[in-house]
Amino acid sequence: MLKSFTNLVVCEHCDATYTRVALAPGEVARCGQCDAVLYRASLLDVDRWLALTVAAAVAFVIANVSPVVKISLQGLHSQATLWQSAAALAHGPAAPIAVPTALAIIVVPFMQVSLLLWVLGHARRGGRRAPGFRLAMRMLAGLRPWSMVEVALLGILVSVIKLSSMVEVAPGAGIWATAALMILITIVASRDIHWLWEFTDRGRPRGEGRS
Amino acid sequence: MSRPAAPDAHGSVAHQREEAPMSRPARALDLGLVSCHACGLVCEDVLERQGRVPCPRCGAALHRRKPDSLARTWALLIAALILYIPANVLPVMYTSLLGSGSDSTILSGVVAFWSTGSYGIALVIFIASVAVPCGKFLSLGLLLASTRRGSSWARRERSKLYRMVEVVGYWSMLDVLVVAVVAALIRFHGLADIEPRVGILYFGVVVILTMLSAMSFDPRLIWDGKDE
Ligand SMILES: [Zn+2]
Ligand SMILES: [Zn+2]
């Protein structure tokens, strides 16, 4: 079994090695050499984290079923959801870009929220590791840079302003839900999911997975 | 509030620190340690003896530095630079109003907002579509060139520059989303229509390539050279 040292932390930006110290809530441990964040004290316990993830799931559903913008032009009406927006790119010569767009604004956020619900739902019952915990944690780390809910929201706002000179524009329920989802997903799926590893370590038999 | 983690509470780390000629904290590499890029676990470095070692905690492959970091970063950056030309020259959007249509590029979109007095929105699009990608090209080029030479110049600042590139990079997708939303809304056949054009495909691919390029760069390489 490979030896591992849970009392140490290595700065992923400069390879400096430190001993972990306990932080007070809200404190941040920074690398003395390159100033990168080493780790943070989590402000959320698992129950609150799960509650916010459930809220994010609700926001996700609303953001995806209701239109984000409605417009009218000379008695004609039109509206678009997030999915319809991504699908609109699929027509014409730029069609391939519809795939990464749909991934970034719909599929990746959906997977982040689902994986967190799965992992946290098990963790809150005595620090248990969900089936597939290792894979889920690796996926959550890998998906994070590709989640672009905040960019989608800014894109919607810019579109509203762009069109307001041409047609009558009204915000749909989806725009508020997208804003809520943006805030919630930033909180629940941030960089600091690492401590779930330590938290769930408590629910396992002593010695397992350690040297 | 912030404070650095106590660097010398652990015996072996403190020991190494005292022996180091400079007052730099010990590198994991010199301590025979390797940290998992996926879950952060610090492990004993046995990569010398066994080629491929999975992280005992999460199963991701352990490595001291990102593989072929500089070559991959260069390749993706150059590909992005080349595609940035058609992304700007080719139209990203086609607008037809009552039968008369016109193509618009990214820059002509910015100019149109500016000329109608929407300075704020023109600035937002300019920053996301021009300033951020160009800043990324320059920053990554600078990081690559200085890292290849093993330069010890402004290491801390270069680390911060890299983190900034990572954080702001994906905002460039803004233009793709604006075209998507606008094209989804304006489809009043014959009266008014907006369609995406091939330029937005190139632009989206440029953003993805620059993100992949930044991810391939290993910021630890900045600190690997000798002190001058
Ligand atoms: Zn550091
Ligand atoms: Zn790991």
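Tutor: Contact means heavy atoms within 4.5 Å. Hold on to that rule. This is a predicted model: local features need pLDDT of at least 70, side-chain atom pairs count only at pLDDT 80 or more, and totals for chains, interfaces and linings use all residues. Residues are numbered from 1 along each chain as its sequence is written, chains are lettered from A and ligands numbered from 1 in the order in which they are written, and side-chain values use heavy atoms, with hydrogens and water left out.

Student: Which residues does B:Ile186 touch?

Tutor: Residues up to four places away in sequence are not counted. That leaves A:Ile71, A:Leu163, A:Met166, A:Val167, B:Ala192, B:Asp193 and B:Ile194.

Student: What makes a set of residues a nonpolar core?

Tutor: The members are buried Ala, Val, Leu, Ile, Met, Phe, Trp, Tyr and Cys residues, joined through side-chain atoms within 4.5 Å. The largest such core here has 134 residues, and A:Leu196 and B:Ile186 touch the most other members. Another core lies apart from it, with five residues, among them A:Val10, B:Ala28, B:Leu33 and B:Val42.

Student: How do you know which residues coordinate the zinc ion (ligand 1)?

Tutor: Donors are N, O and S atoms within 2.8 Å of the metal (3.2 Å for Na, K and Ca); water is not among the atoms, so sites may look incomplete. The SG atoms of A:Cys11, A:Cys14, A:Cys31 and A:Cys34 coordinate this zinc ion at 2.2 to 2.4 Å. Their spacing in sequence is C-x2-C-x16-C-x2-C.

Student: What coordinates the zinc ion (ligand 2)?

Tutor: The SG atoms of B:Cys36, B:Cys39, B:Cys55 and B:Cys58 do, at 2.2 to 2.4 Å. The donor angles are 102 to 113°, and the site is tetrahedral. Here the spacing is C-x2-C-x15-C-x2-C. B:Cys39 and B:Cys58 link distant parts of the chain, 19 residues apart. B:Cys39 sits in the loop between β2 (33-35) and β3 (42-44) of chain B, while B:Cys58 sits in the loop between β3 and α3 (69-89) of that chain.

Student: Why is B:Cys58 called buried?

Tutor: Buried means under 20% relative accessible area, exposed over 50%, partly exposed in between (1.4 Å probe, protein chains only). B:Cys58 has 0%, so it is buried. B:Cys39 is at 2% and also counts as buried. B:Cys55 has 2% too, and is buried.

Student: Is B:Cys134 buried or partly exposed?

Tutor: B:Cys134 has a relative accessible area of 29%, so it is partly exposed.

Student: How many disulfides are there over all chains?

Tutor: A disulfide is a pair of cysteine sulfur atoms within 2.5 Å. By that rule the count is zero.

Student: What is the strand order in the open sheet of chain B?

Tutor: Helices (H or I, at least four residues) and strands (E, at least two) are DSSP runs, numbered from the N terminus. Two strands pair if DSSP finds at least two bridges between them. Four strands of chain B run in the order β5-β4-β7-β6, with antiparallel pairing.

Student: Why do β5 and β6 of chain B stand at the edges?

Tutor: β5 (100-104) and β6 (187-188) each have a single partner strand, so one side of each is left without a neighbour in the sheet.

Student: How do you know that β6(B) and β7 pair?

Tutor: Two bridges join β6(B) to β7 (residues 192-196), in the antiparallel sense. B:Arg187 has B:Asp193 as its bridge partner. Strand β4 (residues 93-97) is joined to β5(B) by five bridges, and B:Thr95 stands opposite B:Ser102. Five bridges also join β4(B) to β7(B), where B:Tyr94 is partnered by B:Glu195.

Student: Why does A:Leu116 count as buried?

Tutor: Its relative accessibility is 1%, so A:Leu116 is buried. A:Leu116 lies in helix α3 (residues 98-123) of chain A. Beyond its neighbours within four places in sequence, A:Leu116 contacts A:Trp49, A:Thr53, A:Gly121, A:Leu140, A:Val188 and A:Ala189.

Key: Tetrahedral: all angles 85-135°; square planar, octahedral: opposite > 155°, others 65-115°.
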